[in-house]
Amino acid sequence: MDTTKPQLIRALGLREGIAIHMGVIIGSGIFIVPATIAGHVPATGPMILVWVVAGLLSLFGALSVAELSAIMPQAGGPYVYLRNSFGRIWGFLFSWNDFFINKAGSAAAIAVGFATFLGYFVPALDDASLLVTQLAFLGLDFEVNIGWIQIVAIGVIAVVTLINIRGVQFGGWVMTIFTSAKVLALIGLIVAVFFSGNGSAANFRPWWPETWSSDLTAGFGLALISALWAYDGWIDVTLTAGEFKNPSRNVPLSLLLGTVAVIVLYVGANIAYAFVIPIDAMQGSSRIAADVALTALGPVGATLIVIGILCSTFGSTNGMLLNGPRSIFAAAADGAALKALGTVHPRHHSPWVAVVTLGVWSALLTLSGTYDQITAYVVFGSWVFYGLAAASVIILRRKMPDVERPFRTWGYPYLTILFLLVVTWFLANTLLENTRDAVIGMVLLIIGLPLYYYWTWQSRANNQSEVS
């Protein structure tokens with residue numbers, strides 16, 4: 001490492017770690033996705049079970065990577081784990097998927113969600129589009145749509161881009177504020193529902209289907225995709241491990257405490273939703289949290305929950321621009337991606353070129369009608385790498401047996417193997433039931449390979465010229 005060049009600094013503590021972890025996970029999903037899940041399962045019990053299973057699956061994964069984050073507390077997280085266990089190309093593919101597809105698509109979708117909910121207070125945002133045109137690429141139908149919603153979304157992305165150029169300490173401080181606001185809003189909604197007097201235990205019926213058919217199993221799998229999307233981000237705090245104080249303690253604790261807290265909030269929120277709105281009615285709700293607040297608390301409650309959603313979506317967009325650049329930064333610093341993406345700001349000590357690149361790409365995606373499709377495609381690819389990251393625990397136990405492990409995966413190897421089995425089932429079920437999205441997700445991954453070989457060749461050539 002060239003110590004004469006600007007480096008990332010260790011400025012994050014446990015408080016910021018938990019805030020980043022929960023803030024990235026809790027976006028718009030818990031406020032919208034339950035209605036989608038209700039459309040896949042016919043009873044309240046399976047609906048709640050979906051959230052429990054998805055939460056435990058995320059927790060088992062978090063416990064696995066917690067061990068890795070403790071022994072390799074470096075920027076890029078999974079890039080580093082996969083490079084050391086499977087090889088640099090697998091680390092690059094993770095970074096490619098995470099940066100250009102996952103974080104960019106998520107930031108675009110969540111920023112548009114912010115602008116859409118802002119329309120509750122500013123109806124003019126819902127005015128007709130200023131420009132609409134159709135494009136097609138790789139089997140995707142792109143609708144370039146420029147309107148006030150897109151303009152506001154791009155403005156949000158620009159703001160969080162500037163925040164994260166300022167450095168990880170400032171970005172972490174912003175995450176702490178907005179994560180606190182969204183968690184308080186969600187807790188407030190849950191408590192208010194049960195004390196409003198407008199719910200009924202009768203709304204939980206039917207609690208369980210009379211028979212469990214193969215169609216219900218397939219529906220459960222599709223519902224699990226939506227729930228896992230709402231939990232997605234449970235691995236992201238490891239991307240900033242290189243900027244934590246005492247990372248061997250604080251990163252694993254952030255993963256553990258933050259994931260458990262999100263599971264409790266998500267399950268509690270879904271029980272509260274079902275207490276007010278029966279599952280049959282829930283299926284037709286496009287903004288389930290706002291509908292629950294309106295039913296239980298009236299217009300004032302709906303206004304408060306929309307404010308909470310605005311805090312949630314802004315905070316999550318900030319999290320995408322905070323964590324996302326670290327994945328490609330690690331690859332670039334290792335010579336596996338464009339060298340400029342590994343540049344650190346001389347004053348703010350942030351990977352500013354990667355931050356700006358992600359901000360620009362995310363802003364462009366807001367103009368496309370396909371960012372929601374991209375987020376669907378990315379679930380398949382992301383869980384391939386989550387499975388590989390968990391498998392790295394087993395591989396590195398053998399490769400690096402003498403390394404001190406401040407945190408060891410709970411229930412090893414049983415919980416790790418269980419996690420891998422469930423991931424395998426989930427990927428197989430997705431491939432069978434949602435084949436097109438899974439295949440497109442794999443194609444988007446493969447597109448990165450030519451760039452990998454070009455960038456690594458360029459890196460070797462530059463190193464040889466410097467030596468000579």
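Trainee: Is the crossing of α2 and α9 left-handed or right-handed?
Mentor: The crossing of α2 and α9 is right-handed; a crossing gets that name if the near helix is turned clockwise from the far one by less than a right angle, and left-handed if anticlockwise. Before we go on: this is a predicted model, where local features need pLDDT of at least 70, side-chain atom pairs need 80 or more, and totals for chains, interfaces and linings use all residues. Residues are numbered from 1 along each chain, and side-chain values use heavy atoms, without hydrogens and water.
Trainee: At what angle do α2 and α9 pack?
Mentor: About 55 degrees, with the axes of α2 (residues 29–38) and α9 (residues 247–276) 11 Å apart. That makes α2 oblique to α9; angles under 35 degrees are roughly parallel, over 145 roughly antiparallel, 65 to 115 roughly perpendicular, and the rest oblique.
Trainee: Which residues make the contact?
Mentor: I30, F31 and P34 from α2, and Y266, A269, N270 and Y273 from α9. Contact here means heavy atoms within 4.5 Å.
Trainee: New topic: how many aromatic pairs are there in the whole structure?
Mentor: The search finds 23 aromatic pairs. Rings of Phe, Tyr and Trp (its six-membered ring) pair if their centres lie within 6.5 Å; planes under 30 degrees apart are stacked, over 60 edge-to-face, and the rest tilted. One of the pairs is W51 with Y266, which is edge-to-face at 5.5 Å centre to centre and 85 degrees between the planes.
Trainee: Where do W51 and Y266 sit in the chain?
Mentor: W51 is in helix α3 (residues 44–71) and Y266 in helix α9, 215 residues apart. W51 is buried at 0% relative accessible area, and Y266 is also buried at 0%. Buried means under 20%, exposed over 50%, and partly exposed in between, using a 1.4 Å probe and protein chains only.
Trainee: What about F170 and W173, how far apart are their ring centres?
Mentor: Their centres are 5.7 Å apart and the planes are at 20 degrees, so the pair is stacked. F170 and W173 both lie in helix α7 (residues 168–195), three residues apart, about one turn of the helix. F170 is partly exposed at 26%, and W173 is partly exposed at 49%.
Trainee: Last one: is S327 buried or exposed?
Mentor: S327 is buried, at 0% relative accessibility. S327 lies in helix α11 (residues 288–333), and beyond its neighbours within four places in sequence, S327 touches G76, F94, S95, D98, F99 and L239.

Methods: Axes are lines fitted to C-alpha atoms, for helices over the stretch in contact, and angles run from 0 to 180 degrees between N-to-C directions. Helices (H or I, at least four residues) and strands (E, at least two) are DSSP runs, numbered from the N terminus.
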